[in-house]
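Biologist: I am new to this structure and would like a close look at a single part before anything else. Please take one residue as the starting point and then lead me from there to other parts.

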Amino acid sequence: MKIVILMENTDACEKPLCVSEHGLSVYVETKKHKLLVDTGASDAFLSNADALGIDLAQVDTVVLSHGHYDHAGGILAFYERNQHAAIYMQRSACGEYYHDERYIGIDKRIAKLPSVRMLDGDCAIDDELFLFSGITGRKYFAKSNLLLSKKVDGKKIQDEFAHEQCLVITQGQEHTLISGCAHNGILNILSRYRELYADDPAAVISGFHMMKKGDYTKEEAEIVVETAKQLRDMDTVFYTGHCTGEKALALMAPVMGEKLVQLHSGMVL
């Protein structure tokens, strides 16, 4: 399996032609598929794909991890290149989502694309690709989530992130879990994964949604470290970036060692 980070917040020095932005896009080649998980905040991921020699016209499957612009911003531009790839998203990803007063939801034209497959929960695409949602745990729920809301009947309420879905890729006996921002909490996502698979994934690619503009409180820093300890004890390698944040990475790296790898635009796994 080949995995290429088409868009992330930081550039990889070994791939200077790749640009970065606040967004995430992951390209994957499996035995059966060429797929995308998310498309960044704009069409910039297209130029990164071109620079890396990746023909997005060959993609057959697109997965939208959740209904925020920094993961769906390039879908319309992608569709101009590729009309045949099936685009899987939770129906609730079309909701009205906000960060304080700023709208952060997806472009409403996406839902009208003929290639979109609306989901209402888990979906087994085939024996390689499985999508799951229904993450209800709230262990170490990020306080930054409290700034995120959805508008229902004209009123804003707390977003419970039912629109978030995760992709499990099976290759032989190994599973790779790809999430977007892990708004539901990476430990809660892994708990839901274990309900389905009864073991740990070989690898996880996901933001951890720990980014914060100011300094962490003592409690917040302790939660980041405790999360790192629990991830370290799993038989899993974690590739993270985007919304994890430099402060969290600095706290987690000494705890997790080689089990934590920072993502960059242009990185090939």
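Does Cys166 count as buried or exposed?

Modeller: Cys166 counts as buried, because its relative accessibility is 0%; here buried stands for under 20% relative accessible area, exposed for over 50%, and partly exposed for what lies in between, computed with a 1.4 Å probe on protein chains only. Before going on, please keep in mind that this is a predicted model, in which local features need pLDDT of at least 70 and side-chain atom pairs count only at pLDDT 80 or more, while totals for chains, interfaces and linings use all residues. Residues are numbered from 1 along each chain as its sequence is written, and side-chain values use heavy atoms, with hydrogens and water left out.

The structure holds zero disulfides, a disulfide being a pair of cysteine sulfur atoms within 2.5 Å. Cys166 is accordingly in no disulfide, and the nearest cysteine sulfur, which belongs to Cys181, is 11 Å away. For Cys94, the closest cysteine sulfur is that of Cys123, and at 16 Å it is too far for a bond. Cys94 is partly exposed, with a relative accessible area of 22%.

Cys181 leads on to a histidine, since His66 is in contact with His71, Ala93, His163, Glu164, Cys181 and His183, leaving aside neighbours within four places in sequence; contact here means heavy atoms within 4.5 Å. His66 is found in the loop between strand S4 (61-63) and helix H2 (69-72), where helices (H or I, at least four residues) and strands (E, at least two) are DSSP runs numbered from the N terminus. His66 is buried, with 0% relative accessibility, and a polar contact of 3.5 Å joins its side chain to that of His183. A polar contact is a pair of N or O atoms within 3.5 Å; within protein, one atom must be able to donate a hydrogen and the other to accept it, and residues adjacent in sequence count only if both atoms are side-chain atoms.

Turning to the strands, S6 (residues 96-99) and S11 (residues 148-152) pair in the antiparallel sense over four bridges, and two strands pair if DSSP finds at least two bridges between them. The bridge partner of Tyr97 in S11 is Lys150. S11 is also joined by four bridges to strand S12 (residues 155-158), again running antiparallel, and Lys151 stands opposite Lys156 in S12. The hairpin of S11 and S12 has two residues between the strands, and in it Asp153 takes a positive phi near 55 degrees. The charged end of Lys156 sits over the ring of Tyr98, 4.3 Å from the ring centre, a description that applies if NZ of Lys or CZ of Arg is within 6 Å of the ring centre and within 35 degrees of the ring normal.

Next come the aromatic rings, of which a search of the whole structure finds five pairs. Phe130 and Tyr197 form one that is edge-to-face, with 6.4 Å from centre to centre and 80 degrees between the planes. Because Phe130 lies in strand S10 (residues 129-132) and Tyr197 in helix H4 (residues 186-197), this pair ties together parts that are 67 residues apart in sequence. The rings of Tyr193 and Tyr197 are stacked, because their centres are 4.8 Å apart and their planes stand at 20 degrees. Rings of Phe, Tyr and Trp (its six-membered ring) pair if their centres lie within 6.5 Å, and planes under 30 degrees apart count as stacked, over 60 as edge-to-face and the rest as tilted. Tyr193 and Tyr197 are four residues apart in helix H4 and so are separated by about one helical turn. Phe130, Tyr193 and Tyr197 form one aromatic cluster, in which Tyr193 is buried at 0% relative accessibility, Phe130 is buried at 18% and Tyr197 is partly exposed at 22%.

Finally, Thr240 lies in strand S16 (residues 237-240) and is buried, with a relative accessible area of 0%. Its side chain reaches the backbone oxygen of Ser206 at 2.6 Å, and a polar contact of 2.6 Å joins the side chains of Thr240 and Thr244. Thr244 is also among the residues that Tyr216 touches, together with Met210 and Ala248. Tyr216 is found in the loop between strand S15 (203-205) and helix H5 (218-232), and a polar atom of its side chain lies 2.6 Å from the backbone oxygen of Met210.
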